[in-house]
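Q: Please walk me slowly through the charged side chains that pair up here. I would like to know where they sit and what they link.

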Amino acid sequence: MAGDALLRLARLNAAYADAIDSDRLEEWPGFFVEACRYVITTAENHRAGLAAGLVWADSRAMLDDRVAALRRANIFERQCYRHILGLPLLRGEADGVATAETPFLVVRTMRDGRMDLFAAGRYLDRVLLAEAPLFVERIAVCDNTRFDTLLALPL
Amino acid sequence: MPTPASTARPPEHPPWPPGLTRVPYWVYQDPALAEAEQHRLFQGPVWNYLCLEAEIPEPGDWRTSFVGRMPVVVARTETGAIAAFENRCAHRGALICLDTAGRGAKDFTCVYHAWRYDLRGVPQSVAFGRGINGQGGMPEAFCLRDHGPRRLRVAVFCGLVFATLDPDLPDFAAWIGPEIAARIRRVLRRPVEVIGRYTQALPNNWKLYVENVKDTYHASLLHLFFATFRITRLSQGGGVIVSASGGHHASATRMPAAGPDTSYQGMRSDEPQFRLRDPRLLEVADEWGDDIQLQILSVFPGFILQQIHNSVAVRQVLPRGVAETDLHWTLLGFADDPPELRALRLRQGNLVGPAGFVSMEDGCVGGFVQRGAAAAGAAQSVIEMGGAEAVSQETRATEASVRGFWKHWRAVMGL
């Protein structure tokens, strides 16, 4: 059973990263339940129990709004990410919801070809293990506290 | 034999044009000028923001911060006062405090050779100062008290901690003037609580970011979120206060009038078709007791206090190189926030910071100038909206406070 959960989490993570890295941002909110929580914060904030993050969303509609803003509203230079994800660490499973942690590295490549290690950290996830698993909560806790220029695309 | 036409000596900067409406691009590019700014400006006659009083509430609590590039320790002393001193051991120059913050310190000891300082940065003891078994040690004539790190004058205003190395600078409140002081009090009137922090690394000279903050003209043109959702439009009431020195400012946007506003028709930043699926981002709690829904305030050289709806934050601008700037954000709530208001602040936090629907654009636009003007050191930017003066105006369709920045900067730099 645990092995099955691990495989589902790994598949979910791989599909999630692929959607963002392949510029199919419109699919990104679909990895979450409707009443989800998605936060990007720093390890310092997380450790200190500070709630505010760089991104703070408590509904899937807010994720839709972020995608719409990136597509239609915000000004930023063309860029793409490459998510390199570690294996999910399954912390527990209760009532069909898995608690898991997955380490990430995100490499950002800019329009002009410059490539940088943009963020490193871990996802703290609660995942509904349905037929198609969905994030109930995904907190991207970045080890880095400095963010170069801007963070447009989601982590 | 022909004589060489010229040597390879770099060209002198052309003289600064008279008035405040032109700024040459070399001011964002010249390493020698950036070096001079450290001494004349940051370590000179200005009050530098260090941290919040709420971040060091008890005696022995401390944080590390910066005055320009100078590392500084800010500590709450035994008497409850706040002291600040250069984070540099008097012995060999190592950092005295290595971490970002700490609590309950009795004193500070340098890790290198264990020289010890009190909470005010006054040296207390030298390890093995008398040597070992009568051999070695410091000479009799050595006077430890003569060798402390530089200590700064500290000012606390509405819970904000500022410091200066200038013994003659007027008190903080007098220095910023009554109008700016009143606008700080307007926002910071209750005890604050830090709700989050992060740093945005900007690819540009620090002055380009400070100009952007003071530039009331750009906000509704660059930021579609501001214009489309009427968070701030130039057609809404409001204005800008510029201090007598020019260096400090407070801009305000009043609530929009009911009914249609066609002044932005056809502009990129007005997208009437753009709707939010979760409009709670735009909910506002009336907590300020006036009709100002957005206030941006700056204290020269690099402090910003932001109130956008219910999103409150302070920002510290620190140069890290000629074309590198760190922008330290501290997001605030008030200690007595009810849960719904706190949730509102967290949600509105999506407007600001590196991922902010508004602030991400301010993060990149300074780099656009830094790169665009890379070969234009002798050319000048045009800062003429709203005239040639650096005075308060009843409109935000002006660059008055940008001119004010240069008025103050030039007075301090002697340029």
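A: Happy to! This is a predicted model, in which local features need pLDDT of at least 70 and side-chain atom pairs need 80 or more, while totals for chains, interfaces and linings use all residues. Residues are numbered from 1 along each chain as written, chains are lettered from A and ligands numbered from 1 in written order, and side-chain values use heavy atoms, without hydrogens or water.

Side chains of opposite charge can pair when their charged atoms come close. Over all chains, 43 salt bridges are found (a side-chain nitrogen of Lys or Arg within 4 Å of a carboxyl oxygen of Asp or Glu).

Asp125(A) and Arg138(A) form a salt bridge, and their closest N and O atoms are 2.8 Å apart. This pair links distant parts of the chain, 13 residues apart: Asp125(A) belongs to strand β6 (residues 115–128) of chain A, and Arg138(A) to strand β7 (residues 134–142) of that chain. Helices (H or I, at least four residues) and strands (E, at least two) are DSSP runs, numbered from the N terminus. Both Asp125(A) and Arg138(A) are buried (buried is under 20% relative accessible area, exposed over 50%, partly exposed in between; 1.4 Å probe, protein chains only).

Next, look across to chain B. Asp326(B) meets Arg146(A) in a salt bridge, 2.7 Å from N to O. Since Asp326(B) is part of strand β18 (residues 324–334) of chain B and Arg146(A) is part of strand β8 (residues 146–148) of chain A, the pair joins two chains. The two partners have their own levels of cover: Asp326(B) is buried, with a relative accessible area of 3%, whereas Arg146(A) is partly exposed at 35%.

Glu287(B) forms a salt bridge with Arg345(B), and here the closest N and O atoms are 2.7 Å apart. Through shared partners, salt bridges join Glu287(B) and Arg345(B) with Arg190(B), Glu193(B), Asp336(B), Asp337(B) and Arg342(B) into one network.

Before you go, here is another spot where the chains meet. Asn74(A) is found in the loop between α3 (60–73) and β3 (79–85) of chain A. Its relative accessible area is 8%, which means Asn74(A) counts as buried. Leaving out residues up to four places away in sequence, Asn74(A) touches Ala69(A) as well as Phe357(B), Met360(B) and Glu361(B) (a contact means heavy atoms within 4.5 Å). Within chain A, the C-alpha atom of Asn74(A) is 8.5 Å from that of Ala152(A), a residue 78 places away along the chain.
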